[in-house]
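Morning, everyone. Please bring up the sequence and the model, and we'll walk through a few places in the fold.

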Amino acid sequence: MGLVALSISAPPMAPAAAPQPPRRIISLNLCADQFVLALADRSQIAGLTRNATNADMSAEADKARGLHLLGQSAEEVLAIDPELIVGMGARRGAMAVLSAHHYPTLDLKSAESYDAIVASIRAVAEAVGHVARGEALIADMDRELAALSSRPGKGRVAAYYQRRGFMTGTGTLIDDLMTRVGLRNLAGVIGKPALSQLSLEELTAAQPDYLIIDSTSERIADQGTEMLHHPILARIPRLAIPQAWTVCGGPAYVLAARSLARQITQTSSGYSGAR
């Protein structure tokens, strides 16, 4: 009788268990705070920066209320024994001190464009264990941006003009927002760097069609904001948005874009321009 070859199948391997989301997450950066608040469960968040509840600086300040705010010491972080540290600039400050303790860390880059914001959302969503939540947030943002009026700025020129005459240039989040709504950045038009100072005389000579200002500077608070109310600027239409929406590249990008588009549309009725 010939030999019969037997085929023996190994029992199927059980699927590997999905890794558990980190339970104690801390943020060491104001901008990182906002991604963590948008994507992690509240019960996962063990510490945020001391400015996380400051509505003038953070678009997610309301969500941060009641959560633990960190001080300045690395010892406080060590006491929490975090399962994930999210920050910006892994070689600086507390991140550098804590690196020797081998905590899992996510070092984000500053998001100066919408594409960079999307990349940060995906990175944080994966790190905190909520990938689907991140994709849903991106889909919502894409949908809201697609619903904006088609570039209502129509190529007009705007200057993001700040206290003491500082103007924000190209390669910045504000510049990306201007492009999104169809505006051209005055700084790029006249060849200024990412941050420069422009006198009132230089600004009026450049004849921008709009000034974009921080909404808190609509009232005079000090000498720095007083110059924004000089009569020489009175004829230039203003678009005001909260600094908290633009100090960090994050989900509030949509709020800023929507507000700019709405204000441009409103001021365009009977528009003659500053030129």
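First, the ground rules. This is a predicted model, so local features need pLDDT of at least 70 and side-chain atom pairs count only at pLDDT 80 or more, while totals for chains, interfaces and linings use all residues. Numbering runs from 1 along each chain as its sequence is written, and side-chain values use heavy atoms, with hydrogens and water left out.

Helices (H or I, at least four residues) and strands (E, at least two) are DSSP runs, numbered from the N terminus. Buried means under 20% relative accessible area, exposed over 50%, and partly exposed in between, with a 1.4 Å probe and protein chains only.

Start with strand E9, residues 210–214. Five of its five residues are buried. In a regular strand, side chains alternate between the two faces of the sheet. Here, Tyr210, Ile212 and Asp214 point one way, and Leu211 and Ile213 the other.

What does E9 pair with? Strands pair if DSSP finds at least two bridges between them. Strand E5, residues 157–160, runs parallel to E9, joined by three bridges. Ala159 stands opposite Leu211 there. Strand E10, residues 238–241, also runs parallel to E9, with four bridges. In that pair, Ile213 faces Ala240.

Now the cores. A nonpolar core is a set of buried Ala, Val, Leu, Ile, Met, Phe, Trp, Tyr and Cys residues joined through side-chain atoms within 4.5 Å. The largest has 52 residues, and Ile212 and Leu183 are among those with the most contacts inside it. Apart from it lies another core of 16 residues, including Val157 and Leu233.

Next, helix H1, residues 30–39. Nine of its 10 residues are buried. Among them are Phe35, Val36 and Leu37. What do the buried residues pack against? Their partners include strand E1 (25–27), strand E3 (84–87) and helix H5 (114–128). At the start of H1, a side-chain oxygen of Asn29 comes to within 2.7 Å of the backbone nitrogen of Cys31.

Last, two loop residues. Most residues other than glycine have a negative phi. Lys154 has a positive phi, near 50°. It sits in the loop between H6 and E5. Is Lys154 buried or exposed? Lys154 counts as exposed because its relative accessibility is 65%.

Gln207 also has a positive phi, near 50°. Its loop runs between helix H9 (200–206) and E9. At 36% relative accessible area, Gln207 is partly exposed.

Notes
Contact means heavy atoms within 4.5 Å. A polar contact is a pair of N or O atoms within 3.5 Å; within protein, one must be able to donate a hydrogen and the other to accept it, and residues adjacent in sequence count only if both atoms are side-chain atoms.
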